[in-house]
Amino acid sequence: MIPIRIHETEREGFEDPVVELWRDDEFVGMVFHDGEVVVVQIYPTDDGDVHDLDLDDLVRALELARAIVDPEFLAEDVAEGWEETHPAVVELLAEFDPLAAYRSDDGEGYFTGDVAGSFVARCRELGIAVVEMDGLEIDAGEIRAVPDLTLDLGGLDVDHDTLVRRSTATAAERLAAWPPEAFVAFVVRGPDGEDVVA
């Protein structure tokens, strides 16, 4: 089933951000805060049919969308692990979590090469450093590290802004040289210095 991806945007008539739900190029619905509650609107398919959605994928997307549109959600201690995380990292994870091609049992995401490139570019925009990056191959559900496809910049003794610039530039350069069929896993560092597995 095609995974749901989310996209934060501004819409006319809405004071606060709206999160759109998409499957490829088909609009599924949107999530917004109406001042009292978080509202989910699901629309019919382009041909007027119903959307068949994977329940786990939908729940994950809705939780991430709520973390964006509800300013009190993280403070409510509803989503374990999110309330301690820097808002820029929450935004990054909310945007890319639905785009992971695979997830390990402990939640680590593995991204295709094209998504990984977008991930690195978004890290630079949000002021997040890429401190670790590993290339992997997945065969019949078995995950294996690919020799020589690794990057570790967490030990650089520089200020955070410099780390962001250097790490994202180096990560983008390495990705361009990696095999396109490799999957990529990341560890990022937010402006608060916390390392987070993406």
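**Exercise 1.** Is threonine 168 buried or exposed?

*Solution.* Threonine 168 has 1% relative accessibility, so it counts as buried (buried means under 20% relative accessible area, exposed over 50%, partly exposed in between, with a 1.4 Å probe and protein chains only). This is a predicted model, where local features need pLDDT of at least 70, side-chain atom pairs count only at pLDDT 80 or more, and totals for chains, interfaces and linings use all residues. Residues are numbered from 1 along each chain as its sequence is written, and side-chain values use heavy atoms, leaving out hydrogens and water.

**Exercise 2.** What surrounds threonine 168?

*Solution.* Start with its place: threonine 168 sits in helix H4. Next, a polar atom of its side chain lies 2.6 Å from the backbone oxygen of valine 164. Finally, leaving aside neighbours within four places in sequence, threonine 168 is in contact (heavy atoms within 4.5 Å) with Val120, Cys123, Arg124, Ile128, Val130 and Leu163.

**Exercise 3.** How do H3 and H4 cross?

*Solution.* First, the axes of H3 (residues 113-126) and H4 (residues 160-177) come within 9 Å and cross at roughly 165°. That makes H3 roughly antiparallel to H4 (angles over 145 degrees, on a scale from 0 to 180 between N-to-C directions). Then look at the residues: Ala116, Gly117, Val120, Cys123 and Arg124 in H3 meet residues of H4 including Val164, Thr168 and Leu175.

**Exercise 4.** At what angle do H2 and H3 pack?

*Solution.* Helix H2 (residues 87-96) packs with H3 at about 160°, their axes 10 Å apart. H2 and H3 are therefore roughly antiparallel to each other.

Definitions and conventions:
Helices (H or I, at least four residues) and strands (E, at least two) are DSSP runs, numbered from the N terminus. Angles under 35 degrees count as roughly parallel, over 145 as roughly antiparallel, 65 to 115 as roughly perpendicular and the rest as oblique. A polar contact is a pair of N or O atoms within 3.5 Å; within protein, one must be able to donate a hydrogen and the other to accept it, and residues adjacent in sequence count only if both atoms are side-chain atoms.
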